[in-house]
Amino acid sequence: AHAAEAPATRTTCPYCGVGCGVLAKPDGLGGATIAGDPKHPSNFGRLCSKGSALGETLSLSARLLHPEIDGRRATWDEALDAVGEGFRRTIAEHGPGAVAIYLSGQLLTEDYYAANKLFKGFLGSANVDTNSRLCMSSSVAGHKRAFGADTVPGTYRDLETADVLVLVGSNAAWCHPVLYQRMLAAKVARGSKIVTIDPRRTSTAEESDLHLPLKAGTDTALFCGLLVRLAERGAMRAGFVADFTEGFDAALARAKEIAPDAAATATACGLALADVEAFFALYETTERVVTLYSQGVNQSSQGTDKVNAIINVHLATGRIGREGMGPFSLTGQPNAMGGREVGGLANQLAAHMGFEPEAVDRVGRFWNAAAMAKADGLKAVDMFDAIERGEIKALWVIGTNPAVSLPRADAARRALAKLDCFVVSENVASNDTLGAGATIRLPAAAWGEKDGTITNSERRISRQRAFLALPGEVRPDWQAIAGVAARLGFGEAFAWRSPGEIFREHAALSAFENDGARDFDIGALADLDTRDYDLLEPVQWPARKGVGRAESRFFAEGDFYTPDRRARFVAVAPLAHAAEPTAPYPYRLNTGRIRDQWHTMTRTGLSPRLASHIAEPFLEISPEDATRDGIVDGGFARVSTEHGAAILRVRVDPAARPGTLFAPIHWNGETASHGRVGALVHGFVDPFSGQPDAKATPAAVSPV
Ligand code: SF4
């Protein structure tokens, strides 16, 4: 009763990139009562089904509560000694390129910062990558090419003040539900229109004013055709293009080669000409347009070009950084953005800096680093291929389950078994990655127990606060990282006493000798004292000086982050798939999320309420294809690719595009028949971002 009377803790949902504020109060029975935080500017009190069910997912019964070495319980000292010795020995014998760390968009910014600093500043290895590579790295690469830095120019409020919202490769109704509810509310209040561009007729598509069910992978052609149309009609903002951008002529010339007119666009995309014309007309005649994009854009072998084809149109019309306008990347994970900010990608050093010699020097001096990494490390898929080849011999995985979620997941699992030193920090006592041979297991603090910050899709930093005691011997990840650093002789640089101290250091690094930040109050958060950090309200960062930190947009008057402060149009490549269907594998397999599960279900799988939405993995197929292949609705089918097979319940969907299959990503288990579809996905990646193509693997299907 005493616990129930305590005030609710203001924290943040650990699932999607919307970043909803949550009020959590322990119920005294091991769970918690959960409500939306009415004061949080991301959700104003709303929560979706996953967020609402958080209180049902706090059971300790399946938790990893003590360190383990080789299957026996160990003390933290023994475990950290073993990790330190494993990494020290590997570097001594094979060099820093033989060690790696694989992180998660679920981690807090402070955990990310600590891991990045240890590996890139003190072990000399840039092999620091994250499951965010599978989620939004094509958006990162597209932003950098166009803007000179990875920046989301707009805010959530733009989605409420736009007159047209274009959702590309995004089932926001299921994957970003609260933000989608904000869009729907604006639609009712203001009469805004929603266009969905997606091969599938998703819940979002169902509710749209216009659905363009284009052929997989042809988004670039659609936006090239749009650019050509806008240029021909004089519907551009020529002054913006002339004053603030470079490369328009080349981008337009390439667009004309790919999609010279509406008819060619319709043909390339497999769309009805009338739908293409309707989309073009809406875009041409509406000033306030926001184009949102998510995994259908990012998870593609041409994902970065898709992002740039979208941004090209916004640059051409000057619809960027102004109220109700702009390109908008919807990040999948709660802290993909925070991870990006601190350098949690192998091709970023820290604080949005790459590996330019000046940046390496600057960060090295700030950290007083022992051994700076000087060049990009290996991105996720390349990292696991290097493990398979025996080139990476020591790996630390924190808060993610690559044996399920990576493409070619069976190959990833086999690779993990080859490691000399395999460390996993986890909440749960068993999952596929732990089962793939993790010899050192570190019990990590879970949501409700850990304390730090996350950054959502609109660059808003929110506190995630603890409201439960740390159970057993679990520790926050940053403490485990600092403990290993100390054992390797770097204790002084990792002597933080709280996550607030790490956050201040991260903010100070962002501002350190940072000429590009002259117009921003980027260093302001470096001055927070412990109380300020504890009480920190959700804040967008960076924000322009004088605008205040409440809300901030970028690029309305140019001032991009390129050396000449001008944006870049990108001449995108002609359409090409990484792999075409073949006679043995005539379909394209698309994979994605469902409404009520999260990633590999280690948490959402604990809620019976969430399981009641969709209780088992499934395969979506068109009626024509099902009839031809003898597949029956409600029966089972075997779907296979060159990389693996799964047996799934069939859903014949009249709206499915013939030649395509869809299966959800969440289920996992020891055999493919449990629906572990990551094992089926091919390993092709986008050449700029390294993001895997998870939407178009050639596949076969047969009745069971
Ligand atoms: Fe959590 Fe996303 Fe749902 Fe908000 S919309 S409650 S952040 S899962």
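The shell around the ligand takes at least three residues from each of domain 1 (2-57) and domain 3 (137-330). Domain bounds here come from an automatic or database domain assignment. Before going on, some ground rules. The model is predicted: local features need pLDDT of at least 70, side-chain atom pairs count only at pLDDT 80 or more, and totals for chains, interfaces and linings use all residues. Residue numbers start from 1 along each chain, as its sequence is written.

Back to the ligand. How many residues surround the ligand? There are 14, and the closest are C13, C16, C20, C48 and G51. A residue counts as near a molecule if its C-beta atom, placed from the backbone, lies within 6 Å of it. Two elements give two or more residues to this shell: α2 (49-52) and α8 (177-190). Helices are DSSP runs of H or I with at least four residues, strands are runs of E with at least two, and both are numbered from the N terminus. By class, the shell has nine nonpolar residues, four polar and one charged. Nonpolar means Ala, Val, Leu, Ile, Met, Phe, Trp, Tyr, Cys and Pro; charged means Asp, Glu, Lys and Arg; the others, Gly among them, are polar.

Now the annotation. An unreviewed UniProt entry marks residues 6-62 as "domain: 4Fe-4S Mo/W bis-MGD-type". Its positions are in the numbering used here, feature names are shortened, and annotations may be inferred rather than shown by experiment. In the model, this span is 7% helix and 26% strand, with its end C-alpha atoms 27 Å apart.

Two strands pair if DSSP finds at least two bridges between them. Strand β2 (residues 21-26) joins β3 over five antiparallel bridges.

On to the domains. The assignment gives domain 1 (2-57), domain 2 (68-135 + 353-496), domain 3 (137-330) and domain 4 (587-703). Where do domains 3 and 4 meet? 21 residues of domain 3 are in contact with 22 residues of domain 4. Contact means C-beta atoms, placed from the backbone, within 7 Å. On the domain 3 side, α5 (137-147), α7 (172-175), α15 (295-298) and α16 (303-316) each supply at least two residues. Helix α5 gives the most, with four. That side has seven nonpolar, twelve polar and two charged residues.

Strands β6 (residues 99-103) and β14 (residues 394-398) run parallel, joined by four bridges. A100 has L395 in β14 as its bridge partner.

Technical notes
Two residues are in contact if their C-beta atoms, placed from the backbone, lie within 7 Å.
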